[in-house]
Amino acid sequence: MIFEKLVNHFLSVLGERSQINDELNAETIAMIPGSFKPPHKGHYAMIEHFSNISDRTIVIISDPQSEKSIRRTPGGKQVTSQKAREILEIYTEGLSNVELVTSTAPVKWVYDFVAEDTTPGQRVLLGVSGKGDDANRYLGAQKYAPEGVTVETSVFSDSNLDISASTIRRVLDTPTLENINQFLPTHLSMKDKERVIQILSQLEESEESSDWILSAD
């Protein structure tokens, strides 16, 4: 009887310590994978939303390697992941908990992060838009998470997300404030807008530009 009480007490102490550790590790991590070619005010609205409800917000920018997935303007200029990142850096300067990364396989990056870089007590929000089947790509994410980690798909809806990046790309061969301003986040200063336009003005034609196809978002 005494031994049984000691065992139960020991297990109770372990349970309390485990709960305390989970509470200490409690953290909400939002992850937003996407193309962002180029980033527009709908993208920023989504990033800002998840930044406001999470401790860390990780934006995963796709870096496509296949010809079919590369985003180009009508004139054949390529919107690269590097240019997308430079623009997002301007957009998110005021959001201290936002991290930007690039990946050739954003969906795999998310799954790998969930499996390898999370700890018990953390909550992972997979931020997706209501467009297409984005949410379905992460239906199996929970089973890859360590015990004690919660993974949720969180759909963000905003009218600005209806903006088509392919529509924006149609004016990027000669970007000006007049034809780009309507697509930019409203919080940007005039100086910030000029920085964005300068980046868009530096888009270059790739070697395959003669065979380009204007891709969807």
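Start by selecting Val196, which sits in helix α7 (helices are DSSP runs of H or I of at least four residues, strands are runs of E of at least two, and both are numbered from the N terminus). Leaving aside neighbours within four places in sequence, Val196 is in contact with Ile87, Ile90, Tyr91, Leu184 and Leu188, where contact means heavy atoms within 4.5 Å. Is Val196 buried or exposed? Val196 is buried, with a relative accessible area of 1%; buried means under 20% relative accessible area, exposed over 50% and partly exposed in between, using a 1.4 Å probe and protein chains only.

A word on what you are viewing: this is a predicted model, in which local features need pLDDT of at least 70 and side-chain atom pairs count only at pLDDT 80 or more, while totals for chains, interfaces and linings use all residues. Residues are numbered from 1 along each chain as its sequence is written, and side-chain values use heavy atoms, with hydrogens and water left out.

Tyr91 and Val196 are 105 residues apart along the chain, yet their C-alpha atoms are separated by 9.1 Å.

Next, show the whole of helix α3, residues 81–91. Its buried residues are Ser81, Lys83, Ala84, Ile87, Leu88, Ile90 and Tyr91. What covers them? The cover includes α2 (41–52), β2 (56–62), β4 (98–103) and α7 (190–201).

Keep α3 and α7 on screen together. Their axes are 10 Å apart and the packing angle is about 180° (axes are lines fitted to C-alpha atoms, for helices over the stretch in contact, and angles run from 0 to 180 degrees between N-to-C directions). That makes α3 roughly antiparallel to α7, a term for angles over 145 degrees. At the meeting place, Lys83, Glu86, Ile87, Ile90 and Tyr91 of α3 touch Asp192, Arg195, Val196, Ile199 and Leu200 of α7.

For the next stop, select Phe156, in strand β6 (residues 150–156). Phe156 counts as buried because its relative accessibility is 9%. Beyond neighbours within four places in sequence, its contacts include Ala45, Met46, His49, Phe50 and Val128. Phe156 and Phe50 are 106 residues apart in sequence and 8.8 Å apart in space, C-alpha to C-alpha.

Finally, zoom out to the chain. How many helices and strands are there? The chain has seven helices and seven strands, and of its 217 residues, 42% count as buried. Among contacts between residues at least 6 apart in sequence, 82% join residues at least 24 apart.

How values were computed: Angles under 35 degrees count as roughly parallel, over 145 as roughly antiparallel, 65 to 115 as roughly perpendicular and the rest as oblique.
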